[in-house]
Amino acid sequence: MVGECENGHAFAKKLLCGREWCPTCGANKSDYHNRRISRWLPKAQQLQTIGYFVIEWPLSSRHELRTKESLQDMGKRVKGAFQSWGYKRGLRRWHFFGESGTTYNPHINVLVDGRWIPPGELRNFKSYLRQVLDEPQLIINYSYRKTAPEMMHTLRYVTRATFLDQSWDYEIAEAIYGFQNSQSWGTWKAETQWELSMEEKDELNLTQIEKLERGICPRCGEPITWSNPVPLALVEAIGGKYIGAGYYELPPPGDPPKRLPSTQMQGCEDWLFSVKQVAHNIAENKRDEPDYEVVHSPVYLFREYLRGQNIKTSSMQRVALMMKAKLHGKY
Ligand SMILES: [Zn+2]
Ligand SMILES: [Zn+2]
């Protein structure tokens with residue numbers, strides 16, 4: 001998809017399926033993994049130290065967590081328990097499988113404001129959780145992270161995919177279709193408490209990605225309108241610069257490449273074909289209009305097509321010009 005803000009800053013976004021078992025999306029450090037990290041990072045950065053709870057169900061009650069509803073429900077109960085114990089804000093996310101396991105092992109990761117918790121207090125909280133979640137054998141682990149690298153590591157770890165092969169449990173794979181796994185509670189308007197290393201900043205480009213994920217232009221803060229899908233080859237052909245996590249920044253409208261390289265045009269052929277078809281239909285419909293010459297011009301037809309795809313003309317103006325030759329004389 002391509003998108004543009006009202007100030008003409010243009011971007012492209014790769015469509016990703018986001019499935020945990022997708023070989024592309026499920027991989028560590030994948031574009032999708034980085035998108036997940038970017039969504040949580042601004043919140044996680046407000047936690048001065050991260051308290052990290054992992055709550056795991058015993059074998060005997062895992063079967064109760066085999067539907068989307070039950071996972072959502074349990075997630076809410078976990079949140080409620082943390083809230084009533086005094087945790088005003090937190091992040092939570094399920095892992096569906098353990099480090100090495102291929103058997104379903106749902107456990108929920110909870111990140112909160114962390115500190116060292118005296119053993120007695122921790123014991124009390126654990127028994128409270130076992131009681132309100134109605135499972136006396138819950139396995140609960142707590143640790144906390146003080147340094148930025150540790151916190152970043154935990155963030156990567158918690159947001160990673162764990163359901164790496166659909167065949168591990170087809171039933172669960174189907175059950176969690178469309179499941180909103182990453183959730184947060186509380187208000188997040190505090191100052192940033194820790195920063196990424198320069199390397200991580202360069203590698204992840206998260207400040208830009210985070211805004212783009214929210215549909216905000218990283219250049220000026222205005223909302224971005226996204227279009228219908230266009231081929232990635234086209235984005236590359238018009239000089240899109242990769243910025244990370246499957247996002248590209250497109251060159252400003254005043255700076256078009258001279259022409260589309262034919263090698264890159266090969267990836268756009270199907271798309272071009274559909275453009276031509278739509279253009280042809282538009283031309284047919286306007287056959288009797290007095291300004292037929294105008295509406296029959298390839299650039300006009302291409303603009304009409306772009307409008308139909310919710311692609312703002314200015315960001316693709318240069319493409320319209322380059323398409324002129326391609327479209328000319330084809331209908
Ligand atoms: Zn995918
Ligand atoms: Zn902008």
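Helices here are DSSP runs of H or I with at least four residues, and strands are E runs of at least two, both numbered from the N terminus. On that count, this predicted model has a chain with 13 helices and 10 strands. Of its 331 residues, 28% are buried. Among contacts with a separation of 6 or more, 75% are between residues 24 or more positions apart. Below is a quick tour of two sheets, a few helices and some residues worth a look.

**Sheet 6-3-5-4-7**

- Start with an open sheet of 5 strands, which runs in the order 6-3-5-4-7 with antiparallel pairing.
- Strand 6 and strand 7 (183-185) sit at the edges, each pairing on one side only.
- Going from one strand to the next, the twist averages 20 degrees.
- Helix 1 packs on this sheet and touches strand 3, strand 4, strand 5 and strand 7. The direction of helix 1 makes about 145 degrees with that of strand 4.
- Inside the sheet, strand 3 and strand 5 are antiparallel partners over 7 bridges. To find one of the pairings, look at Ile50, whose bridge partner in strand 5 is Asp113.

**Core**

- The largest nonpolar core takes in 57 residues. Phe11, Ala44, Val110 and Leu111 have the most contacts inside it.
- As general background, nonpolar side chains in soluble globular proteins tend to be buried together.
- Take Val110 as a way in: leaving out residues up to four places away in sequence, Val110 touches Phe53, Ile55, Val78, Phe82, Gly90 and Arg92.

**Helix 4**

- Helix 4 covers residues 148-159, and at 1.5 Å a residue its 12 residues should span 16 Å. The end C-alpha atoms are 16 Å apart, so the model agrees with that expectation.
- Its buried residues are Met151, Met152, Leu155, Val158 and Thr159. They cover an arc of only 130 degrees around the axis, so they fall on the same side of helix 4.
- Turned away from that buried side is a face with the exposed residues Pro149, His153 and Tyr157.
- What do the buried residues of helix 4 pack against? The list is helix 1 (31-44), strand 3 (50-56), strand 4 (90-95), strand 5 (107-113), strand 6 (139-145) and helix 6 (198-204).

**Sheet 8-1-2-10-9**

- Another open sheet of 5 strands has the order 8-1-2-10-9, and its pairing is antiparallel too.
- Here the edges are strand 8 and strand 9 (241-244), each with pairing on one side only.
- Strand 1 (residues 2-4) pairs with strand 8 in the antiparallel sense over 2 bridges. Glu4 has Thr225 of strand 8 as its bridge partner.
- Strand 9 and strand 10 (residues 247-249) run antiparallel and are joined by 3 bridges. Lys241 is bridged to Glu249 in strand 10.
- Those two strands, strand 9 and strand 10, form a hairpin with 2 residues between them. Check Ala245 in the turn, which has a positive phi of about 50 degrees.

**Helix 7 and what follows**

- Leu206, Gln208, Ile209, Glu210 and Leu212 are buried in helix 7.
- Covering those buried residues are, among others, strand 2 (10-13), helix 1, helix 6, strand 9 and strand 10.
- Arg214 sits in the loop between helix 7 (206-213) and strand 8 (225-226).
- Is Arg214 buried or exposed? Arg214 is exposed, because 12 other C-beta atoms lie within 10 Å and the cut-off for exposed is 12 or fewer.
- Although 175 residues separate Arg214 and Arg39 along the chain, their C-alpha atoms are 8.3 Å apart.

**Ser38, on helix 1**

- Ser38 belongs to helix 1.
- Why does Ser38 count as buried? Because it has 24 other C-beta atoms within 10 Å, and 20 or more is what buried takes.
- Setting aside residues up to four places away in sequence, Ser38 touches Leu206, Ile209, Glu210, Glu213 and Ala245. Of these, Leu206, Ile209 and Glu210 are among the buried residues of helix 7, while Ala245 is in the hairpin turn between strand 9 and strand 10.
- Ser38 and Lys211 are 173 residues apart in sequence, yet 8.7 Å apart in space from C-alpha to C-alpha.

Methods
Residues numbered from 1 in each chain as written. Chains lettered and ligands numbered in written order. Predicted model: local features only at pLDDT ≥ 70, side-chain atom pairs only at ≥ 80, totals over all residues. Expected span 1.5 Å × (residues − 1). Arc of directions from axis to C-beta. Contact = placed C-beta atoms within 7 Å. Pairing = 2+ DSSP bridges. Axes fitted to C-alpha atoms, helices over the stretch in contact; angles between N-to-C directions. Core = buried A, V, L, I, M, F, W, Y, C linked by C-beta atoms within 7 Å.
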